[in-house]
Amino acid sequence: MLELFSRKKPTFIIGLIIAVVFGLLYLVGLAMPNLNSGPPYAPGRIVLGYFYYGLLAGLTLIMWSYFSSHVEWLYPWQKPSEKVEVFTSRRIINIAVTGVATIVFAFIKIPILGWSIRTSAPLFAAMYWGFPEGVLGTAIGYILSTLIVGGYETPLVLIPVSWLLDGSMIGLVSIFYFKWIRGRPAKTRSWRYALMVLTGFAYWYVVAVCEIPGLIGYALFPTYAFLYFLGGIILTPIIVAIAIGGVEALSKTRTRR
C-alpha cells in the first residue's frame, strides 16, 4: 500500500481521501444527538449510514487500486504479452452472470436467521474471475435481490450503498486469493483457504458491528453484535464451501485446457 502512495496512484489517493473524509463525518455524526438518536434506521441514522458506507467505498477503492496494480491479476486467463483491458464484453458478461447468480442464491435462506447464501456467487466470482466481477457482481446482485426477493431489513433508501458492507469484504478476499492462494500447490491451499476465511470473517464482523452505533443505536449494540457473530458463524461455512468448491472444480477444468 505504501508503494501505491509513493507512486501517487490516482485511485489510491481518491479512495484514501474518501475513506478519511467519510470516516471523520461518521465519527462526528455519532456525537450529534440530532443524528444519532431515535429508533433503528431513523432519518438521522440514515445520514450516518451514508457516511459509514462512504468510508467503505473509500476502502474498496483502495483495494481496487492495489488489485489493478497487478496486471497479471486483471485477466488470469490471458497471456502476459496480450494487451489487458479492464472492462471488455467478457468481463461485463461475467459481472452480469454474477449478479443473476446472486439473485438465485438469495432465494435460499436459513430459516433461523432469515439470511440467504447470496454471498456465495460474488465470492466465487471474486476468486475465479477477479476483483471487478466480485465487487460489481455484489452491487448488482444485492440491489436486485433485495428488491426482488426481499426479506432484508435494509431500508430502500440505503439499498444503493448497503451492498458495500459485503462488497468490500469480497474485494479483500479477492486480493487474498490472488496473492496467496491462486497457483499454489494443492497441499498448501487448505490452510491458506482457512486463513482467508478467518481474515474475511474478521473484516466483515468488524465493519458490521461498527455500523451498529449509527444505523441501529448503542442500546441495541450487544444484541446485534451477538446476532451478527452467530449468523456469521452459521452461514460462513456454507457460503465458503460453495464458493471454494466451485473455484477448485472449474480451476482444474481451466488447467486441463
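User: Which residues have the most contacts inside the largest nonpolar core?

Analyst: Y53, M127 and M196 do, in a core of 64 residues. A nonpolar core is a set of buried Ala, Val, Leu, Ile, Met, Phe, Trp, Tyr and Cys residues joined through side-chain atoms within 4.5 Å. Buried means under 20% relative accessible area, with exposed over 50% and partly exposed in between (1.4 Å probe, protein chains only).

User: Which helix supplies the largest share of this core?

Analyst: That's α3, with eleven residues. Helices are DSSP runs of H or I, at least four residues, numbered from the N terminus.

User: Before I go on, what kind of model is this?

Analyst: It's a predicted model, where local features need pLDDT of at least 70, side-chain atom pairs count only at pLDDT 80 or more, and totals for chains, interfaces and linings use all residues. Residues are numbered from 1 along each chain as its sequence is written, and side-chain values use heavy atoms, leaving out hydrogens and water.

User: Back to α3: how many of its residues are buried?

Analyst: 20 of its 26, so α3 is mostly covered. It runs over residues 43–68, and its end C-alpha atoms are 37 Å apart, which agrees with the 38 Å it should span at 1.5 Å a residue. That expected span is 1.5 Å times one less than the number of residues.

User: And what does M127 touch?

Analyst: Leaving aside neighbours within four places in sequence, M127 is in contact (heavy atoms within 4.5 Å) with V173, Y177, F178, Y193, M196, A243, I244 and V247.

User: New topic: is T146 buried or exposed?

Analyst: Buried, because its relative accessibility is 15%. T146 is found in helix α7, residues 131–148.

Terms used
Helix = DSSP H or I, 4+ residues; strand = E, 2+ residues; numbered from the N terminus.
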